[in-house]
Amino acid sequence: MRPRDLAAYLCLAVAWGLSFLLLLKVVQAFGWVGAVTFRCFIAAAILLVLARVTRRRLDFPKNWTALAVVGATTVAGQLIGLSYAMPRIGTAMAAIFVSSIPLFSMVISQAWGLERITPTRVAGLTLGTIGLIMLVGFPAVPVTTPFLLGCGAMLFSTFSAAYGSNHASRHLSTTGPWEVTIGAFLAGGLMTLPLLAAVPVPGIPQLLDYVYLIALAGLMSALTYVLYFGLVASIGATRAISVEFVVTLVAVLVGATVLDEPLTLVQIIGGVVIIAGCALVLGLVPARDKIPVSP
């Protein structure tokens, strides 16, 4: 990995890890639909203004279908699931779910013929599945309907993120990260906008809530997604999405120390098992596999 890619990787890890704290406050003020919808439009607007000010030439693809798919998955699907789940299962547990994204990414890459599966990766998928069972099956809070809905929303969120990243890698490799980010956020915002009729903003947000929203949209959405889609084009979807490991670590520390959220020992072990499984899937652990297993 080039020094430039490594710097982007570390910036993403810290920014997205800390974004969990801001997201929780924005969801409380604007609702889980409003948090996503307003975040999308503000992020796209900020990038459009920056492009205009810096005279950056934007070259959007003629066919917006691929951008719409990325907007529906990596943006709308991922953020809706995350925003809905966090108040129900907690920041720390949601962050551990996020570490399963590379598992889904590998499965999708295998299904699309982008990568070949090996015995080591099969072992990684098995470990990841066991870790998810430990995470959901032994919670520190009562297993209620909202809790289960939150877990389901996080699985939807993580799968959406993995699908969108692979789709961008496959169909938007020649499109610049600014164009991908702007297009995806515009598409995601338009898709979630009608949901505001069913889930309106719960009250009148305070001035500080708008500050949180702009910070979340500008610093932790617009700029970070430009870095992320640049990484996807540079090092590939699965390697880029492995940043979620470090994101999980940062977010869990924030949830445990700042928000005082409980986690059981089994859940912590489950998170470690998920990360170990993802490390095998991503090839971060040296392996001796030479002959791929036929799908």
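Predicted model: local features only at pLDDT ≥ 70, side-chain atom pairs only at ≥ 80, totals over all residues.
**The whole chain**

Begin with the entire chain in a cartoon view. The chain has 11 helices and zero strands, so that its pattern, read along the sequence, is α-α-α-α-α-α-α-α-α-α-α. Of its 295 residues, 52% count as buried. Among contacts in the chain with a separation of 6 or more, 91% are accounted for by residues 24 or more positions apart.

**Arginine 55**

Next, select arginine 55, which is placed in the loop between helix 1 (3-53) and helix 2 (65-89). Phi of arginine 55 is near 55 degrees, a positive value in a residue other than glycine. Is arginine 55 buried or exposed? Its relative accessibility is 78%, and because the cut-off for exposed is over 50%, arginine 55 counts as exposed.

**The nonpolar core**

Now select Phe20, Ile89, Met154, Phe185 and Tyr228. These are the residues with the most contacts inside the largest nonpolar core, which has 74 residues. Helix 1 supplies the largest share of this core, namely 21 residues. As a general point, nonpolar side chains in soluble globular proteins tend to be buried together.

Remain with phenylalanine 185 and display its surroundings. Apart from neighbours within four places in sequence, phenylalanine 185 is in contact with Cys40, Ala43, Ala44, Val75, Leu79, Ser221 and Tyr225. Phenylalanine 185 also belongs to an aromatic cluster, which is formed by Trp16, Phe185, Tyr225, Tyr228 and Phe229.

From the contacts of phenylalanine 185, move to one of them, cysteine 40. Cysteine 40 is buried, with a relative accessible area of 0%. Select cysteine 151 as well: its relative accessibility is 4%, and it too counts as buried, because the cut-off is under 20%. How many disulfides does the structure hold? The number is zero.

**An aromatic pair**

The whole structure contains 11 aromatic pairs. To inspect one of them, select phenylalanine 104 and phenylalanine 159 and show their rings. The ring centres are 5.8 Å apart and the planes stand at 80 degrees; the pair is therefore edge-to-face, a class that requires an angle over 60 degrees. This pair links distant parts of the chain, since phenylalanine 104 lies in helix 4 (residues 101-111) and phenylalanine 159 in helix 6 (residues 145-171), 55 residues apart. Phenylalanine 104 is partly exposed, with a relative accessible area of 22%. Phenylalanine 159 likewise counts as partly exposed, at 39% relative accessibility.

**Helix 8**

Select residues 207-235, which make up helix 8. At 1.5 Å a residue, the 29 residues of helix 8 should span 42 Å, and the end C-alpha atoms are 40 Å apart, which agrees. Where is the kink in helix 8 centred? The kink, of about 30 degrees, is centred on threonine 224. Just after helix 8, glycine 236 takes a positive phi of about 100 degrees.

**Helix 10**

Finish with residues 244-257, the 14 residues of helix 10. From its first C-alpha to its last, helix 10 reaches 20 Å, close to the 20 Å expected at 1.5 Å a residue. Colour the buried positions of this helix: among them are Glu244, Phe245, Val247, Thr248 and Val250. Further along helix 10, Ala251, Val252, Val254 and Gly255 are buried as well.

Terms used: Residues numbered from 1 in each chain as written. Heavy atoms only, no water. Disulfide = S-S within 2.5 Å. Buried < 20%, exposed > 50% of the residue type's maximum accessible area, 1.4 Å probe, protein only. Helix = DSSP H or I, 4+ residues; strand = E, 2+ residues; numbered from the N terminus. Expected span 1.5 Å × (residues − 1). Bend = angle between axes of the 7 residues up to and from the residue. Core = buried A, V, L, I, M, F, W, Y, C linked by side-chain atoms within 4.5 Å. Contact = heavy atoms within 4.5 Å. Phe/Tyr/Trp six-rings, centres within 6.5 Å; stacked < 30°, edge-to-face > 60°.
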